[in-house]
Amino acid sequence: MPSVASKIPSVDELKALFPLTLPIPTPDTIPDLITPKDFYREENLLRNPQSFQAWWSAIHTARESYAAEIKLEPSDLSESSVALLGPLATPLARISFQRLTYLYESALVHFPNSFKMWKSYIIMRMSFVLGKQVVKKRAGGRKKFPEMKDALVDEREDLEQWEGGLNGIIGWEEWKSLIATFERALMWVPNLPRLWLMYLSIFFHPMCPPIVSYTHARHTFDRALRTLPPSLHSRIWVRYLLWAESRGGPTLVAVYRRYISVDPSVTENFTHLLLHPIDGKARPLEAAKLLLSLARKAAKGEYQSPEGKSPYQLLGDWIDVVERFSDEVGLDVEETLQSNAAVAEAGAKETESEKEAAPASVDGKLIRMAGPAVTVDADGKILPLYDEDTDFKSPRKLNIEHIIHKDGFAVYKDQAGRLWTGLATYWIKRGEFDRAKETFEKGLDSVLTIRDFTQIFDAYAEFGESLISAMMESLSDEEDEAEAAETEKELDVRMKEFEELMDRRPFLINGVLIRRNPNDVQEWEKLVALHGDDDEKVAETYTKALETVNPRKATANLHRLYVNFAKFYEDGGTTGQAEPDLDSARKILEKGTKINFKTVEDLAETWCEWAELEIRHEQVIQQVLVNYDEAIRVMQRAAAIPKNTKINYHDHSLSAQTRLFKSLKLWSFYVDLEESIGTVETTKTVYDKILDLRIANAQIIVNYAAFLEENKYYEESFKVYDRGVELFTFPISFEIWNIYLAKFVKRYSGSKLERARDLFEQALEKCPPKSCKPIFLMYAKLEEDYGLAKRAMSIYDRATQVVADEDRFEMFTIYIAKATANYGLPATRPIYERALEVLPDRQTAEMCLRFAALERKLGEIDRARAIYAHASQFCDPRVNPQFWSEWNAFEYETGSEDTFREMLRIKRSVQAQFNTEASYIAAQTMAAQQGTRQAENNATEEASDAMAAAEREAGSAPSFVAAKQTTLHPQPQADAAASATATTAANADEIHISDEEDL
């Protein structure tokens, strides 16, 4: 038996098997091409050479026959040889290939324009050369006209794949013959895209010869684009781009450049391929310029990302490329400075040219109306100006700083943190640490939000830490002492800078907040507090704040800046070690009084603080009279009344100084100052001015009257009260009336009774019901003490008619008590009767209980029982058990069996009246809140009321229930015992109606 090694043919032996179909096989060149079995077919085709159906049937039959035979014939070659030869590994396959080629070529002589025949012929040749095609199952349909991005994804999944195939070196002649067949077919039917796609698919085969799969493939793609109409180009471009991706290098760049000039939608995919090439040579400069161009177009609305990215996200992708490939993309420091200078110079020239007026016409023929001349295309559309920064063919590097300022900070002000950190990272990657530090500092001094500040500060701190750690590592490995000393010195400088950065963080945050809102008074105050004991910085901060803040846009308490700045000079600095500078403090407050604050109250507070400054100052130097007069003069300046006093205090169109004379805060401070250090006459004058301006409140009235009373001006104080009750209405005047009447009664007692009565009547004339109760009680007390009891009772009677409903019960109670004390118990009956008529239901029951108790005291049992019966209609037994227990006790003590039964009947009827779902829920809620349960009440009644217990026992017979025991179904003893137990445990609240009560 021969060995396996003896069966392995050499490469030359394998090559000698080919070509098989070049030239085209005929019976003259290959004797075995036609067998005796094929004579009938040949004769039939010779008789019908123009019958397409005859040729098609013969070819189809032969293909099926040869395919079945090929499957049954094993190969006598080794596995490696079979892998090289693919479908042509057996002699039968090779002769079948030649026979089928002969048939197809013979048919195409008669039908050279038949697409069906050419397609079948090419598929047959492809099956013998490329191998068996793998059929993929696809879920769902495909879009008819997808975007190129989606088309690339779909086509990448749908690319043809084959099993086996003829090696491109061994079977080069057959590959060449296959390509020649495609060329012949396209010569006859050039405008059919399916043939072009089949032709292009062979270039993706892994065994395609390199001489075909590169230059020839590119030429074939170009020919397809030139031959097919533009509507079909998208089908070719998808394969073209995928083929370029598989080849990479200059081929990828050239093909993609051609396509994005027509359709820029795949530019993002192109940049990704440039940054992640298959050959390992990235093109970051070209990718960066493409991304920058996309970001600018997207910002103008001329480009929409297929991946849904915003213009800022495209710019962020550009920044990522710049950070990653800093040396390949951007300029160094010197070149950047030169470029910045050139840009600034160009901008200045452009500004000057815009200022210079251009002549409307140069030669009398052209009049330009809309700016300088622009370049247009053939259609008249304006072409964009050439920009070398976006020209991906230009090798010039980018000025990163200028681009970030122009396309970043000028457009995306809310993303300043990311832009500053990206620029600083670019310099760090280039090793320009000083420039990076300068960039971080500029960012910290320019951002307007805490978010951006946090991004920059964290990146700055991380940069400082990494730099220090790197220097420490290099110092530990350093052997040269001189270089080690220099490194250590630089390390000390870096650590000191890092510590200073950490110490500056509160100041930097405060600076961000002030830049965001320069009119934020609270942040200026925080900055002053941050400076601590540094008096020079504190004074500088106050000065800058007062120069910066706009009074009309400032936040609350702007006046505190002036006041605190003045106190700073008054106290001799923050530590108090310097000499107090009162003149500077006065100048600051003087300046503050001229500021048009948003509110008048701030201006008034400034004047008050100035007066307090003068008062504090005289306490220090013991010049009481002089300095007190100075404080008075300050307040007189502040409270000067203009000639026109009809100014509206709430008219914000007027300045604060114009409305200051109507500030109650200012006048209140002024009058307090006069009361403390002025005379009675000056104080009265100030109070009178307040009343004349009609800006006084109730407290001013009370204070003025109390001041006059303290100085023994009683009648004048009562006149002030009179003016107060004229100025104000209820409910504000109620407090004034209350104090006025109490003071008057205390002062004159009963000596001016008629005048006091007039005052009370005047107070009650316009008093609302909810406020008149205290005045009525005070009025009645006056009559009881100094007048007639009859008038006092009439006042109480008026009060019960006038007061609010919630006070009426208490008023009746007081009225009844006073009537009892003056006239005895019988005189209160009419009062009780009227109370029962006017009081609400829930208070009527309580009043009825008191009325019944009165009648019991007077021995009127029947009247008391009638009162109980009247009140019962308002009392639900489940909600008001107290009422029914009292009535039950009353009947137990004074009633009979008939009256007791009548009481029980009324109770059942009332309970039935309240027996609704809503009232039941209300009853349960009330019972739960009061902590009472009906079972506990029953137990109490059993213990205390024997008659009620007897009544329950009498009514404990079972009511109408379903029969459980009959003659047919006698009840067992166990069931009988259980039934008896259930009967005993019946509901104690169940109402039992006797038949006798219905008679």
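V563, A566, K567, E570, L589, E609, L613 and R616 line the largest cavity. This is a predicted model, in which local features need pLDDT of at least 70, side-chain atom pairs count only at pLDDT 80 or more, and totals for chains, interfaces and linings use all residues. Residues are numbered from 1 along each chain as its sequence is written, and side-chain values use heavy atoms, with hydrogens and water left out.

### The cavity

On a 1 Å grid over the protein atoms alone, a cavity is a set of points where a 1.4 Å probe fits but cannot get out, and lining residues have an atom within 4 Å of a point. Points are joined across faces, edges and corners, and the volume is the space filled by probe spheres set on them. The count comes to one cavity of 30 Å³ or more, and about 30 Å³ of space lies in the largest cavity. Helix 25 (559-570) and helix 27 (600-621) are the elements that give two or more residues to its lining. Helices here are DSSP runs (H or I, at least four residues), numbered from the N terminus. Helix 25 provides the largest share of the lining, four residues.

What kinds of residues make up this lining? They divide into four nonpolar, no polar and four charged. In this scheme Ala, Val, Leu, Ile, Met, Phe, Trp, Tyr, Cys and Pro count as nonpolar, Asp, Glu, Lys and Arg as charged, and the others, Gly among them, as polar.

### The nonpolar cores

A nonpolar core is a set of buried Ala, Val, Leu, Ile, Met, Phe, Trp, Tyr and Cys residues joined through side-chain atoms within 4.5 Å. Buried means under 20% relative accessible area, exposed over 50%, and partly exposed in between (1.4 Å probe, protein chains only). The largest nonpolar core has 129 residues, of which M126, I202, F203, I236, W318 and I400 touch the most other members. Leaving aside neighbours within four places in sequence, F203 is in contact (heavy atoms within 4.5 Å) with C208, V212, S213, H216, A217, T220, F221, W243 and R247. Another core, of 127 residues, lies apart from the largest one and has A566, W610, F669 and Y796 among its members. Residue A566 also belongs to the cavity lining.

### Salt bridges

Side chains of opposite charge can pair when their charged atoms come close. A salt bridge is a side-chain nitrogen of Lys or Arg within 4 Å of a carboxyl oxygen of Asp or Glu. The whole structure holds 61 salt bridges, and the table shows some examples.

| Pair | N to O distance |
|---|---|
| E174 and R125 | 3.8 Å |
| R396 and D389 | 2.5 Å |
| E441 and R504 | 2.8 Å |

Take E174 and R125, whose side chains meet in a salt bridge. This pair links distant parts of the chain, with E174 in helix 8 (residues 172-188) and R125 in helix 6 (residues 115-129), 49 residues apart. Both partners are buried, and E174 has 0% relative accessibility. Not counting residues up to four places away in sequence, E174 touches F18, P19, L20, T21, F97, R125, V129 and L166.

In the pair of R396 and D389, R396 is partly exposed at 39%, whereas D389 is buried at 9%.

Notes:
1 Å grid on protein atoms, 1.4 Å probe; cavity = no way out; pocket = protein on both sides within 12 Å on 5 of 7 lines; lining within 4 Å.
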